[in-house]
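Student: I have a model open and want to learn how to read it. Where do we begin?

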Amino acid sequence: MSAYSLLHHDHRQDGTSSSPSRAPFSSAIIYAANSHPQHPPPLGERYVPLSNDDPDDLDDPPPPRTPLYTGPGVGLRTFLDVPSRNLNQTSRSSSDSNIFGGFKALSSGSDIELGLAPLGATPYATVGEQSTHESEKFPVSADPGHWAAETSPDYPEPDDELHNPDPKRDRHVDHVALFSGRGCLNVGCLVLITTALFTLFAGFPIISHYTHIAMGTNGGYNLGGVNSSGQIPSMPGNWALIDLDTPKDAYTMQSVQTGESYQLVFSDEFNVDGRTFYPGDDPYWEAVDLHYWETNNLEWYDPAAITTKDGSLVITLSKQPTHGLDYQGGMMTSWNKFCFTGGIIVVNATLPGANDIWGLWPAVWTLGNLGRAGYGATLDGLWPYSYDSCDVGTLPNQTFPDGTPAANLVGNDATNGGALSYLSGQRLSSCTCDTTGTNAVHPGPRTSNGSYVGRSAPEIDILEAEVDQGTLTGFVSQSAQWAPFNHQYIWDNSSANFEVWQTDAHMNTYVGGVGQQATSVLAETDQACYELSGGCDSVYGFEYKPGADGYITWISQGTKSWTIMQSGLGPDPVSGAGQRLVSQEPMYIIANLGISQNFGAIDFDQLTFPANFMIDWIRVYQPAGSENIGCDPPNFPTADYINTFTEAYNNPNLTTWEQFGQVKPLNRLVDSC
């Protein structure tokens with residue numbers, strides 16, 4: 001038995017027929033017949049052989065057709081031309097399998113009565129029905145010739161023009177034009193892309209090189225201009241190193257010593273009212289909370305005594321009991337937050353009280369970052385040294401163990417038996433033995449021969465205001481403190497080393513004692529620039545240069561008042577002291593208002609409380625191209641040392657290094673290294 005598929009044509013009323021349907025099983029009528037395909041098919045249909053495995057039946061006429069299956073959703077019927085037979089028998093011919101393998105038969109009695117399949121019936125074998133022939137697994141033959149579609153390459157299709165070019169037909173589009181819209185668009189797009197890529201990968205670096213403004217480190221050598229502890233950032237808002245309120249005409253200042261132009265590197269205008277300076281409140285300043293016992297002050301320094309008001313920093317000294325004392329004052333510093341090395345520092349201030357009443361002690365001064373003001377253990381053995389020689393000047397009492405030189409034991413400080421020095425010796429001297437692997441560390445650096453550079457906490461004062469009791473005139477003491485000491489504290493103040501520039505300034509009679517050697521000049525102030533005597537403000541400051549040709553020139557009332565050259569503190573063969581140095585340490589700023597009889601007499605009856613020390617602004621300048629700000633510069637580091645001994649730098653009750661429980665590094669002059 002052979003199987004044929006009849007390709008169905010739709011017949012129209014006019015006797016014509018449509019093209020054969022191309023969708024398999026949607027419009028095909030399938031016949032199983034013992035007939036030869038030469039037998040004419042029904043009108044409008046043609047045979048397509050599905051199988052031809054029974055050639056003996058070719059002469060048989062087609063048997064009556066019986067409907068078998070209606071394909072889903074198309075309304076067409078599929079017929080099977082086959083003699084009536086029992087399809088339930090277990091064996092059937094391969095042609096039967098080819099025909100019936102994909103359909104489910106509907107039985108009635110012993111014979112199969114074939115008719116319309118129910119709606120939704122499946123032409124595929126159901127679960128449990130075993131398929132043994134390939135055609136039972138795949139309802140469509142793998143041979144395209146068996147499909148109800150035209151697959152001949154000679155059959156024309158609508159998209160053949162895309163695959164079969166015609167030179168005659170296409171000649172109007174095949175010619176090459178030198179300029180065309182499409183060509184220009186293509187070339188233009190390529191040029192644009194090439195230019196963009198070239199600009200991105202070649203042009204941008206070149207343009208950036210010539211237009212980029214290098215980020216200034218502001219003295220801090222880390223990213224963003226911070227030091228190693230990250231404490232001097234350039235912050236958004238008005239917290240930059242240079243205050244946004246600083247006038248542009250104040251961005252440069254002429255050197256009072258050399259006349260060269262210096263540029264502004266730090267400023268605080270204090271224009272924002274209500275600022276506070278408790279720990280953590282400010283990036284550059286911090287107020288202390290302690291008693292300044294070193295100079296026997298009568299007040300307690302409290303952060304509550306410092307704020308900003310009416311465009312000025314205001315430090316208030318009040319007569320009020322606190323912490324067992326009768327007065328409350330304030331001290332604010334930039335310790336370990338902002339430091340500078342070399343340059344000019346100037347402040348514009350109104351002094352507290354009146355110009356004719358003595359007893360108040362306002363001050364603005366600087367100190368090396370290795371010593372924290374008010375924290376005695378950190379200052380022990382460092383203040384007021386500024387020394388890099390290995391000699392007797394580094395030893396306790398500035399004498400060898402055998403008591404030499406004898407001149408240092410008599411004829412010096414009359415109030416202390418004639419002794420020259422009671423200092424405990426320079427803790428971080430250039431005589432320091434190698435401290436590698438010990439807790440008696442030295443912050444460095446080392447010289448080329450391996451010895452340490454002498455380190456210290458030197459002091460340079462911008463102003464300490466006082467009133468002369470005899471003339472009732474206000475002055476400021478402008479000074480520097482030194483160690484080790486000259487014999488009888490007499491330094492070489494010859495004209496080559498010392499110059500007073502103001503006619504109303506004169507050398508201070510105080511030259512030192514067992515705790516310090518002082519070089520100081522008293523400069524008369526503007527008598528109207530006091531809180532209770534006119535209220536104007538006046539400019540004070542100093543310019544200094546570290547190093548072998550170092551100098552310090554002070555400024556009062558906006559002009560230079562006096563100068564000391566480093567050579568004036570040269571070697572002293574009598575006391576054994578070597579060359580003292582203008583500070584090479586990173587220096588931080590201190591501003592305070594207190595009261596102490598150590599500084600001078602106090603007119604308790606006439607003083608008015610509260611008294612206010614008002615600072616309009618503070619500015620720091622340095623030579624262009626030679627900026628050096630930051631508290632941990634590479635050539636004079638401080639951060640690691642401070643972090644190693646952090647308790648001493650945060651506990652004001654520790655007064656000496658030994659009380660802190662530490663040992664001083666060995667000194668090769670007297671110790672075995």
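This is a predicted model: local features need pLDDT of at least 70, side-chain atom pairs count only at pLDDT 80 or more; totals for chains, interfaces and linings use all residues.

Student: How many helices and strands does the protein chain have?

Tutor: There are 7 helices and 28 strands. Of the 673 residues in the chain, 47% are buried. Look at the contacts too. Among those between residues at least 6 apart in sequence, 71% join residues at least 24 apart.

Student: How do I read a helix, and what should I check in α5?

Tutor: Start with the general idea. An α-helix has 3.6 residues a turn, so residues three or four places apart point the same way. Now compare span with residue count. Helix α5 covers residues 181-211, which is 31 residues. A straight helix would reach 45 Å at 1.5 Å a residue, but the end C-alpha atoms of α5 are only 39 Å apart.

Student: Where does the kink in α5 lie?

Tutor: At glycine 203, with an angle of about 50°.

Student: Which strand gives the most to the lining of the largest cavity?

Tutor: Strand β18, residues 459-468, with 3 residues. By class, the lining of the largest cavity has 11 nonpolar residues, 2 polar and 1 charged.

Student: What is the make-up of the lining of the second largest cavity?

Tutor: That lining splits into 5 nonpolar, 5 polar and 2 charged residues. The second largest cavity holds about 70 Å³ of space. Its lining includes Tyr387, Asp388, Gln584, Glu585 and Phe636.

Student: Last, a single residue. Is glutamine 597 buried or exposed?

Tutor: Exposed means over 50% relative accessible area. Glutamine 597 counts as exposed because its relative accessibility is 54%. It sits in the loop between β27 (587-594) and β28 (611-623).

Student: Which residues does glutamine 597 touch?

Tutor: Ile602 and Phe604, leaving aside residues up to four places away in sequence. Check asparagine 296 as well. It is 301 residues from glutamine 597 along the chain, yet their C-alpha atoms are separated by 7.7 Å.

Methods
Residues are numbered from 1 along each chain as its sequence is written. Side-chain values use heavy atoms; hydrogens and water are left out. Helices (H or I, at least four residues) and strands (E, at least two) are DSSP runs, numbered from the N terminus. The expected span of a helix is 1.5 Å times one less than its number of residues. The bend at a residue is the angle between axes fitted to the seven residues ending there and the seven starting there. Ala, Val, Leu, Ile, Met, Phe, Trp, Tyr, Cys and Pro count as nonpolar, Asp, Glu, Lys and Arg as charged, and the others, Gly among them, as polar. On a 1 Å grid over the protein atoms alone, a cavity is a set of points where a 1.4 Å probe fits but cannot get out, and a pocket is an open set with protein on both sides within 12 Å along at least five of seven lines; lining residues have an atom within 4 Å of a point. Grid points are joined across faces, edges and corners, and a volume is the space filled by probe spheres set on the points. Buried means under 20% relative accessible area, exposed over 50%, partly exposed in between (1.4 Å probe, protein chains only). Contact means heavy atoms within 4.5 Å.
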